[in-house]
Amino acid sequence: MSNKTTIEIAGKQILLETGKMARQADGAVTVQMGETIILVAAVAAAEARSGQEFFPLTVDYREKASAAGQIPGSYFKREGRPSEKEILTCRLTDRPIRPLFPKGWFNEVQVQTLLLSADGENDPDILSILGASVALTVSDIPWAGPLGAVRVGRINGEFVANPTHSEREESDLDLIYVGNKTDVVMYEGSAQEISEEDFIAALRFGQEACQPMIQAQEAWRDSIGKPKRDIVTMQVPKEVTAEASSLIADKVIPTLLIESKKEREAGWKAITSEAGSQLVEKFGEDVVTGQVLSDVFYKIQKEAVRKLILDEGKRLDGRQFYDIRPISSEVGLLPRAHGSALFTRGETQALTSATMGTLDDAQSFDAYAGGESEKQFILHYNFPNFSVGETGRITGPGRREIGHGALAERSIAPLFPYESFPYTVRITSEVLESNGSSSMATVCAGSLALMDAGVPLKSPAAGISIGICTQTDEDDQIDRYQILTDIIGWEDAFCDMDCKIAGSANGITGFQLDLKLKGLPLGIMEEAIQKAKEAREAVLEKMAATLAEPRKEFSKYAPRITTVRINPDKIGALIGPGGKNIKRIVEESGCEINIEDDGSVKIYSVAEDGLNIALQEIEGITAEIEVGKTYRGKVVSIKEFGAFVEVLPGQDGLCHISELANFRVKRTEDIVQMGDEIWVKVIGIDDKGRVKLSRKVAMEERDKLMADGQEASGEESDEGPDSED
């Protein structure tokens, strides 16, 4: 039986329907806003796989070309591997729902979203998050929802819920906010240097906008939701936990307080390996499995880290709670790169290079759901295994790398000078060492590399990660917490938050929140945002000591650009039949040439000689004949009434027989022959565009110059009229 409900968010309707499609899934729902429709289905395995040691949640989002009324352009005429947009939407959907599954429950869960209809205005990413919440809420899958999800924009100073793509072009904020009934659960997005106070106000607006969605889901859960299934969670025998704690009790804290990451990890591995062997010997392999060992030592480690922070006021590497690790940076390391930087913060290090290309190098992609289909600024992030001292499969970028790269890209993108800088720019970030946020190190290194390349950023950008360690009461409410600035890997793993905020000295540009909690009160989040601001300002100060502003000159290997404007009517002539002219110019000059519909011609060249060749050719083909200007032209046609002289490529004018000489001429051939090169002056252009030339006037001016003892010359050539003419 189909059930429908409508939710109104700031005057916009969201239609939910369940029971009509995908009825064999544990939970399924269609979500519609405008004419954009998605289907979300959730299924959980009946039991966990044997030996399963982690919670196997898979979230997938796929866009179909048919949703936009298109046929895929690939050879196979069907969708291929997930696009970056699809991967980022998968991550958006995964991150808020993952912490709400029961701890210790290892049954496989799959949440799949299909884009069924796309109107090009309403983005399906928000609908995917909401749909996942609804599908899990009405299913029998154990899950501590529901959640609300909303996109928040700001247009002319006013917050807007779920703005369309058209509205987002006018917005200085793009915030994706996910909340439960009382708290924030997840957010991410970008902004045009928004202040911390305005950002907090946007979070509060998002929290309020989520409430109608949560209320609608609660009503459905109570009326049509399936009873939640009984589950069995992984439990470590109490006697094993007690024995493990006893075996390493006096070694845990000294090991955790080793400052170096590698030494700390090696020390922990040594004491747990020894204790693990003793536990197996005492309780047997059937009781103390690999999964049991992993779980028991994780819990001991997590509890110890949290006690150090909350009870003893200590961090693993010896810093104070709001200290930033030592920072160093360099620029100009890579001589052939157009810009490069190495940024190191503690044991996290990113090497970035900036490459400048033409506008033709902009990245184009299908955008079935609407929005951006081309990128002039691109950032790619790579995380090799050696950065954490490990081995593993060497493959292309995974979802994590794409997600981290997107965060760094949208943190810098608001500062990129799109309108005034006619280049495509690509940043590549190689994470060489990682213990703490490498995406925020990429923001810092990427900003420095751009300035090293001479890209005129509006302001340099920096970012930092803020964490939190909490203690909850019997009602699962936070009664103690400690905010941590610049968290390291184990603080991320064993504490409760990874909040990344990037921006310039003027405000916030990029942000992303991940929680291991079911939610965090906005009052606490405000404190974290303020700490992020303080840290960002300190990092920017360190970066300024290395390079405070963009260089005034490009690398000698970077392309230079010269823009000339031609009459749009001349574009066809410049291109030539089948592109013949422009191909020849590119081949002879070695330049890249970009022609815009408005007549702007952008010439990209590394060598000055090539640039001059291109300019001369373009000007020769597209120049306009000017009244009062003298040209050396070629006779292309002889008539009884005069000669037609080509003064510019493809452009000629009539030199009337009366204008051939300062005496009466009986026959045109008495003065000029076909193919002769003569000097002529443009004495007029009539309203039909016909050009009137005069050899007589040109010769008189020559004679006057010679009489004055000066060398006659033309503006278009170094040569003057010869004496024979």
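Which side chain does the side chain of arginine 319 make a polar contact with? It is the side chain of aspartate 317, at 2.9 Å. The views below come from a predicted model, where local features need pLDDT of at least 70, side-chain atom pairs count only at pLDDT 80 or more, and totals for chains, interfaces and linings use all residues. Residues are numbered from 1 along each chain as its sequence is written, and side-chain values use heavy atoms, with hydrogens and water left out.

View 1. Look for arginine 319 in the loop between α7 (290-310) and β11 (327-331); helices (H or I, at least four residues) and strands (E, at least two) are DSSP runs, numbered from the N terminus. Arginine 319 is buried, with a relative accessible area of 10% (buried means under 20%, exposed over 50%, partly exposed in between, with a 1.4 Å probe and protein chains only). Besides the link to aspartate 317, a polar atom of the arginine 319 side chain sits 3.3 Å from the backbone oxygen of threonine 485. A polar contact is a pair of N or O atoms within 3.5 Å; within protein, one must be able to donate a hydrogen and the other to accept it, and residues adjacent in sequence count only if both atoms are side-chain atoms. Setting aside neighbours within four places in sequence, arginine 319 is in contact with Ile324, Arg325, Thr485, Asp486, Ile488 and Glu491 (contact means heavy atoms within 4.5 Å).

View 2. Leaving out neighbours within four places in sequence, methionine 525 touches Val184, Tyr187, Leu203, Met497, Cys499, Leu513 and Leu520.

View 3. In soluble globular proteins, nonpolar side chains tend to be buried together.
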